[in-house]
Amino acid sequence: MADDTSIFIGASRKPDDSYQRPEQLLLQYGNRHGLVTGATGTGKTVTLQILAEGFSNAGVPVFCADIKGDLSGIAMMGAAQDFLVKRAAQVKLDPYDFQEFPVIFWDLFGEQGHPIRATISEMGPLLLSRLMNLTDAQEGIMNIAFRIADEEGLLLLDLKDLQALLANIAERAEEISARYGNVTKPSVGAIQRTLLVLEQQGAANFFGEPALRISDIMRTTRDGRGAVSVLAADKLMMNPRLYATFLLWLMSELFEELPEVGDPDQPKLVFFFDEAHLLFDEAPKVLIDRVEQVVRLIRSKGVGVYFVTQNPLDIPEKVLAQLGNRVQHALRAYTPREQQAVRTAAETFRPNPDFDCATTITQLATGEALVSTLEAKGVPSMVQRTLIRPPSSRLGPITPAERQKLIAESPVTGQYDQVIDRESAFEMLQKKAKDAQDAEQQAGTGGSRWTIPGFGNDGPAPQSGGRRAPAPRPSNRQTVAEAAIKSVVRSVGASVGRAIVRGILGSLSRGR
């Protein structure tokens with residue numbers, strides 16, 4: 001059974017299906033990362049829930065994504081249902097207590113939780129390029145944009161800042177190309193169009209201020225429990241690239257901000273990355289290397305990262321090697337790739353002579369899993385066929401009314417609700433453009449050395465220096481009488497003139 005140094009996962013079974021022993025995750029190895037895999041409907045979400053409960057009760061804050069809404073039930077006290085009570089008896093969970101957990105709901109769109117934002121600068125050119133699926137040439141321009149922003153003191157906070165900077169770069173393409181390499185207007189235009197698509201998909205809600213403070217997902221309660229931050233991801237999954245990029249950004253921020261702690265008695269934070277395959281789908285090598293680096297080094301910051309996905313083949317081999325605690329639910333093996341996944345999963349476990357691991361993976365029932373955790377000295381335990389314990393909190397989603405009540409009572413209520421739009425690149429570039437336009441207009445009206453008499457620039461010179469003061473311009477307006485007289489004069493003048501010309505021409509003809 002779990003104590004202050006471990007989390008109770010469930011009970012392993014003997015070959016005759018009788019009780020064998022409790023299976024636990026030692027808190028001192030909780031930051032050695034983990035993997036929860038299995039086909040849809042095999043119990044991965046419940047496993048994630050009971051692990052989050054265990055870490056919270058141990059005083060470890062948890063951050064996890066709620067893909068289907070089911071995980072929100074962790075905020076409410078569970079109820080004694082027959083199949084849950086039966087499972088508790090099978091794994092010898094006595095007493096089976098029910099409790100609710102301290103939950104903070106988050107949502108990138110601000111609908112089902114507190115808004116989460118990050119600035120463009122914090123995201124950086126690599127993650128932005130990944131999010132936008134840019135070509136190598138376009139990624140190069142993105143790097144140049146960030147370099148220019150640093151050199152010219154331009155704050156990049158939201159999408160309009162980046163859009164304004166890119167427009168400025170397009171105008172200065174020739175100058176910038178001479179300094180940093182080829183920058184073409186069509187490439188900049190392609191990036192701008194991609195930004196527009198992101199904006200329409202809701203990414204504008206994510207970029208801006210106030211940005212998420214890491215300390216707000218590392219809270220503990222007065223009774224010593226860790227807060228469980230639940231990210232509403234059902235709508236976010238409509239844009240899976242944004243989801244994956246956001247979670248990678250969050251891991252990177254944790255890695256950069258948290259101090260080194262070595263090997264603590266328990267983690268400082270545990271991070272569950274559901275639908276983890278989205279992070280690696282079509283990801284360039286440089287990004288996968290970044291993930292591997294973060295996963296490998298963030299352990300020393302006291303952060304445990306647990307990937308949750310359907311297929312162990314979804315995780316690159318370098319990352320998979322860093323995951324010490326494993327929970328493998330059932331896999332189906334109908335296609336060659338699925339059969340390969342089963343073999344891969346089986347080969348990652350320390351063998352158990354009592355059963356064939358590959359065969360057992362395909363025969364596991366819902367709520368049953370193969371479990372291997374790190375034991376003394378960090379050595380993986382022998383894989384065991386395990387019944388997963390039932391959760392203490394509610395199994396299933398909460399109601400919208402319950403969610404809104406919890407959001408209103410949250411410790412971060414009011415801190416992220418209002419967008420802050422301070423002066424940044426957009427406003428600074430607008431001001432520069434206006435100043436340049438004003439200077440150009442001023443130079444155009446006052447700097448010419450040519451004058452046109454009677455049009456305002458031939459007046460008397462000023463008393464001391466400067467341009468010649470303009471003389472008052474006479475009015476061109478006429479009275480009706482003046483206009484009539486001038487018309488008559490023009491008519492008479494024209495008749496007399498024509499007569500004189502004809503007389504002169506006639507005398508010249510007669511004199512020939």
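A: First a term: buried means under 20% relative accessible area, with exposed over 50% and partly exposed in between, using a 1.4 Å probe on protein chains only. This is a predicted model, where local features need pLDDT of at least 70, side-chain atom pairs count only at pLDDT 80 or more, and totals for chains, interfaces and linings use all residues. Residues are numbered from 1 along each chain as its sequence is written, and side-chain values use heavy atoms, leaving out hydrogens and water.

Q: OK, which residues of S11 are buried on each side?

A: On one side Glu368, Leu370 and Ser372, on the other Ala369 and Val371. With 5 of the 5 residues of strand S11 (368–372) buried, the strand is largely enclosed by the rest of the structure. Strands here are DSSP E runs of at least two residues and helices are H or I runs of at least four, numbered from the N terminus.

Q: What does S11 pair with, and how many bridges join it to S12?

A: S11 and S12 (residues 384–388) run antiparallel, joined by 4 bridges; two strands pair if DSSP finds at least two bridges between them. Ala369 has Thr386 as its bridge partner, and Glu368 has Leu387. S10 (residues 325–328) is also antiparallel to S11, with 3 bridges, and Gln328 stands opposite Leu370.

Q: What's the strand order in the sheet?

A: S2-S1-S12-S11-S10-S3-S9-S8-S4-S7-S5-S6, an open sheet of 12 strands with mixed pairing. S2 (19–26) and S6 (114–115) are the edge strands, each pairing on one side only.

Q: And S8, how many of its residues are buried?

A: 6 of its 6. S8 runs parallel to S4, with 3 bridges, and parallel to S9, with 6 bridges.

Q: Switching topic: how much space lies in the second largest pocket?

A: About 330 Å³. A pocket is an open set of points on a 1 Å grid over the protein atoms alone where a 1.4 Å probe fits, with protein on both sides within 12 Å along at least five of seven lines; lining residues have an atom within 4 Å of a point. The volume is the space filled by probe spheres set on the points, which are joined across faces, edges and corners.

Q: Which residues are closest to its centre?

A: Gly41, Lys44, Thr45, Lys68 and Asp70, out of 19 lining residues. Helix H1 (residues 44–57) gives the largest share of the lining, 5 residues.
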